Amino acid sequence: MKLRGFQQWSLTDVFPIECACGSPMEYLFQIQSMEKGGLERLVIGCGYSLSAHLCEKSLEHLHRTVMQ
């Protein structure tokens with residue numbers, strides 16, 4: 001699991017992650033499938049990772065997830 005920092009891209013080219021309001025979204029965390037250290041049984045998609053992002057303008061806006 002990776003907290004803060006930047007999105008790791010593995011399947012697609014880098015693309016901007018924006019809220020529906022048009023503002024950039026803040027990267028929160030990324031969880032890897034079958035991560036060592038206790039999450040070996042967690043499989044996201046077919047072995048991908050999942051990241052979560054929040055709107056920088058308002059916490060009331062919907063979050064966004066990205067699967068890589």
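**Figure 1. Contacts of Ser51 in the predicted model.** Leaving aside neighbours within four places in sequence, Ser51 is in contact with Gln7, Tyr27, Phe29, Gln30, Arg64, Thr65 and Val66. The model shown here and in the following views is predicted. Ser51 itself belongs to strand β3, which covers residues 49-55. With a relative accessible area of 1%, Ser51 counts as buried because that value falls under the 20% cut-off. The side chain of Ser51 also forms a polar contact with the side chain of His53, at 3.1 Å.

**Figure 2. Strand β3 and its pairing with β2.** Strand β2, formed by residues 25-32, pairs with β3 in the antiparallel sense. Seven bridges connect β2 and β3. Within this pairing, Gln32 is placed opposite Ser49 of β3. Strand β3 is mostly covered, with five of its seven residues buried.

**Figure 3. Pairing of β3 with β4.** Strand β4 comprises residues 64-67 and runs antiparallel to β3. The two strands are joined by four bridges. Here Ser51 stands opposite Val66 in β4. Val66 is also one of the residues in contact with Ser51, as are Arg64 and Thr65.

**Figure 4. The largest nonpolar core.** Five residues make up this core, namely Ile17, Cys19, Met25, Cys55 and Val66.

**Figure 5. Surroundings of Cys55.** When residues up to four places away in sequence are not counted, Cys55 touches Cys19, Cys21, Ser23, Pro24, Met25 and His61.

**Figure 6. The whole protein chain, for orientation of the close-up views.** The secondary structure consists of four strands and zero helices, in the order β-β-β-β along the sequence. Of the 68 residues in the protein chain, 29% are buried. Considering contacts between residues at least 6 apart in sequence, 51% join residues at least 24 apart. The protein chain has an accessible surface of about 4,900 Å². Carbon and sulfur atoms account for 58% of that surface.

Definitions and conventions: Residues are numbered from 1 along each chain as its sequence is written. This is a predicted model: local features need pLDDT of at least 70, side-chain atom pairs count only at pLDDT 80 or more; totals for chains, interfaces and linings use all residues. Side-chain values use heavy atoms; hydrogens and water are left out. Buried means under 20% relative accessible area, exposed over 50%, partly exposed in between (1.4 Å probe, protein chains only). Contact means heavy atoms within 4.5 Å. Accessible areas come from the Shrake-Rupley method with a 1.4 Å probe; for residues, only the protein chains shown count as cover. A polar contact is a pair of N or O atoms within 3.5 Å; within protein, one must be able to donate a hydrogen and the other to accept it, and residues adjacent in sequence count only if both atoms are side-chain atoms. Two strands pair if DSSP finds at least two bridges between them. A nonpolar core is a set of buried Ala, Val, Leu, Ile, Met, Phe, Trp, Tyr and Cys residues joined through side-chain atoms within 4.5 Å.
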